[in-house]
Amino acid sequence: MTENPAHTDLWPAPTASGAVDAVVTVPGSKSVTNRGLVLAALASEPGWLRRPLRSRDTLLMADALRAMGVGIEALPNSASGAAASTGGEAWRVIPAGLYGPARVDVGNAGTVMRFLPPVAALADGPVRFDGDPRSHERPLHGVIDALRALGARIDDEGRGALPLTVHGGGSLTGGRVEVDASSSSQFVSALLLSSPRFNQGVELRHTGATLPSLPHIRMTVDMLRMAGAKVDSPEGGGEPNVWRVAPSALLGRDLTVEPDLSNAAPFLAAALVTGGRVTVPDWPERTTQPGDALREIFTRMGGTYALDERGLTFTGTGRVHGIDADLHEVGELTPVIAAVAALADSESELRGIAHLRLHETDRLAALAKELGELGGDVTETADGLRIRPRPLHGGVFHTYEDHRLATAAAVLGLIVDGVEVENVATTAKTLPDFPELWTGMLAARGDALAGREA
Ligand SMILES: O=C(O)C1=C[C@@H](OP(=O)(O)O)[C@@H](O)[C@H](O)C1
Ligand SMILES: C=C(OP(=O)(O)O)C(=O)O
């Protein structure tokens with residue numbers, strides 16, 4: 001685990017005085033917003049992103065694309081020809097010839113540090129990438145090595161990681177490449193997203209033993225196809241572990257971003273652990289987001305759900321059960337699931353998530369340590385966590401600049417008196433208004449959604 005940076009700000013996590021009963025509008029998906037931005041920037045005509053997520057990770061992505069010449073303008077949705085009922089913001093993306101010199105701050109955003117070097121390889125001129133100290137430790141070699149094999153010039157002073165400079169040549173040859181993406185699915189997504197613009201497209205073969213976060217790769221393939229790209233993927237009956245993208249122009253699209261279902265996790269968890277009820281409007285009927293798996297996971301842990309025109313309503317029963325679950329495909333849900341598991345009536349085993357050691361922080365070590373310091377019994381296994389519920393007590397929950405550790409701690413605080421969340425502002429990575437949304441959920445009494453049965 002990386003050292004916890006010193007933060008003195010502590011947020012007293014509110015306890016729930018009873019069963020929560022609220023409607024929570026969850027902001028847009030980080031993963032969809034950042035893919036949408038990249039594809040729109042590479043398109044041959046302007047496009048729209050409606051209800052984009054406006055958070056640290058997505059603003060870094062937008063700023064980076066602007067630095068390479070792309071026009072991105074924010075307007076109220078109502079001023080952009082959308083139906084009056086469509087609230088929120090719309091981003092107009094105007095592609096342009098990409099150029100350097102440019103500097104890109106990736107923060108600690110996996111999507112920015114991995115999706116943009118291939119874009120920079122298409123730019124004309126050098127693009128320098130750097131970010132938070134943790135960004136230097138997160139794996140990037142898969143993207144760097146593959147881009148070199150496809151014809152790019154990259155100066156990383158032999159680190160195989162950030163900081164680095166991509167010396168864009170205005171185009172990239174492309175073609176066949178092998179990548180071991182066992183440490184991050186984002187290596188595959190990164191190369192596929194830009195590949196329609198490579199002269200020969202790409203034929204990408206994943207060579208590692210495992211591949212995490214498959215739904216996120218499906219999201220990449222889906223969004224590429226929606227932008228007009230021709231993609232052969234293993235799911236479509238293609239060769240296992242091989243993706244082929246033909247060279248083509250990309251269309252400018254009008255895309256409305258779905259709510260971030262992974263960021264719905266703490267709110268649904270609140271319904272589960274308090275025996276209450278939370279509705280998340282606009283939950284898509286069909287989606288590639290991994291957060292959709294929460295319906296099944298939290299049902300196994302003791303709740304029930306209904307998905308209808310009002311959105312997803314999750315209801316707790318007052319009982320919370322442990323779970324034995326392989327979270328390999330949905331790793332980013334782990335911190336909140338671990339918090340719920342620590343409050344359950346039986347043991348949990350969370351498996352298939354060794355790659356979380358390379359996320360915002362080493363999430364396995366951090367969860368074991370911080371839950372342990374509140375009195376929990378959590379051990380790290382080779383590829384996950386074993387959680388044996390015990391009575392917990394208050395204390396400081398350190399968050400290691402990891403948004404999902406902060407939201408997980410808030411879930412514990414609903415039930416455990418005296419939990420103080422260090423640096424809750426770190427939630428701004430993907431969910432900037434988290435403290436307000438959380439206290440709003442606790443203040444609501446189910447009356448916000450007209451027509452919902454009492
Ligand atoms: O492509 C994406 O949008 C993401 C892919 C996943 O990364 P890993 O495969 O590195 O876990 C996920 O954890 C991350 O939050 C978002
Ligand atoms: C792993 C995550 O983020 P990133 O996109 O930075 O990899 C996450 O949001 O849980």
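This is a predicted model: local features need pLDDT of at least 70, side-chain atom pairs count only at pLDDT 80 or more; totals for chains, interfaces and linings use all residues.
1. The shell counts 13 residues, of which Ser 31, Ser 184, Ser 185, Ser 213 and His 216 come nearest to ligand 1.

2. What is the make-up of the shell around ligand 1 by class? There are 11 polar residues, along with 1 nonpolar and 1 charged. As for where they come from, domain 1 (10-27 + 258-443) and domain 2 (30-256) each provide at least three residues of the shell around ligand 1.

3. Around it you will find Ala 109, Gly 110 and Thr 111, then Glu 332, His 359, Glu 360, Arg 404 and Thr 430. By class, the shell around ligand 2 splits into 4 polar, 3 charged and 1 nonpolar residues. Here again, at least three residues are drawn from each of domain 1 and domain 2.

4. On the domains themselves, the assignment for the protein gives domain 1 as 10-27 + 258-443, in two segments of the chain, and domain 2 as 30-256. Their centres, taken over C-alpha atoms, are separated by 29 Å. Where the domains meet, 20 residues of domain 1 are in contact with 21 residues of domain 2. On the side of domain 1 that touches domain 2, the residues divide into 7 nonpolar, 7 polar and 6 charged.

5. Do have a look at the pair formed by helix α7 (residues 265-274) and helix α9 (residues 334-342). Their axes come within 10 Å and cross at roughly 15°. Because angles under 35 degrees count as roughly parallel, α7 is roughly parallel to α9. The crossing of α7 and α9 is right-handed. From α7, the residues in the contact are Ala 265, Pro 266, Ala 269, Leu 272 and Val 273, and they meet Val 336, Ala 339 and Val 340 of α9. By class, this contact has 8 nonpolar residues, with no polar and no charged ones.

6. Helix α4 (residues 141-149) packs with α5 at an angle of about 35°, and the two axes are 9 Å apart. What is the handedness of the crossing of α4 and α5? The crossing is right-handed. Gly 142, Val 143 and Ala 146 make the contact from α4, while Phe 187, Ala 190 and Leu 191 make it from α5. By class, the contact of α4 with α5 has 5 nonpolar residues, 1 polar and no charged.

7. Two cis peptide bonds deserve a look in the backbone. One runs from Gly 100 to Pro 101, with omega near 5°; Pro 101 is placed in the loop between β5 (89-94) and β6 (102-105). Another runs from Leu 162 to Pro 163, with omega near -5°, and Pro 163 lies in the loop between β8 (153-155) and β9 (164-169).

8. Finally, where does Glu 157 lie? Glu 157 is in the loop between β8 and β9, the loop that also holds Pro 163. Although Glu 157 is not a glycine, its phi is positive, at about 45°.

Conventions:
Residues are numbered from 1 along each chain as its sequence is written. Chains are lettered from A and ligands numbered from 1 in the order in which they are written. A residue is near a molecule or strand if its C-beta atom, placed from the backbone, lies within 6 Å of it. Ala, Val, Leu, Ile, Met, Phe, Trp, Tyr, Cys and Pro count as nonpolar, Asp, Glu, Lys and Arg as charged, and the others, Gly among them, as polar. Domain bounds come from an automatic or database domain assignment. Axes are lines fitted to C-alpha atoms, for helices over the stretch in contact, and angles run from 0 to 180 degrees between N-to-C directions. Helices (H or I, at least four residues) and strands (E, at least two) are DSSP runs, numbered from the N terminus. Angles under 35 degrees count as roughly parallel, over 145 as roughly antiparallel, 65 to 115 as roughly perpendicular and the rest as oblique. A crossing is left-handed if the near helix is turned anticlockwise from the far one by less than a right angle, and right-handed if clockwise. Two residues are in contact if their C-beta atoms, placed from the backbone, lie within 7 Å.
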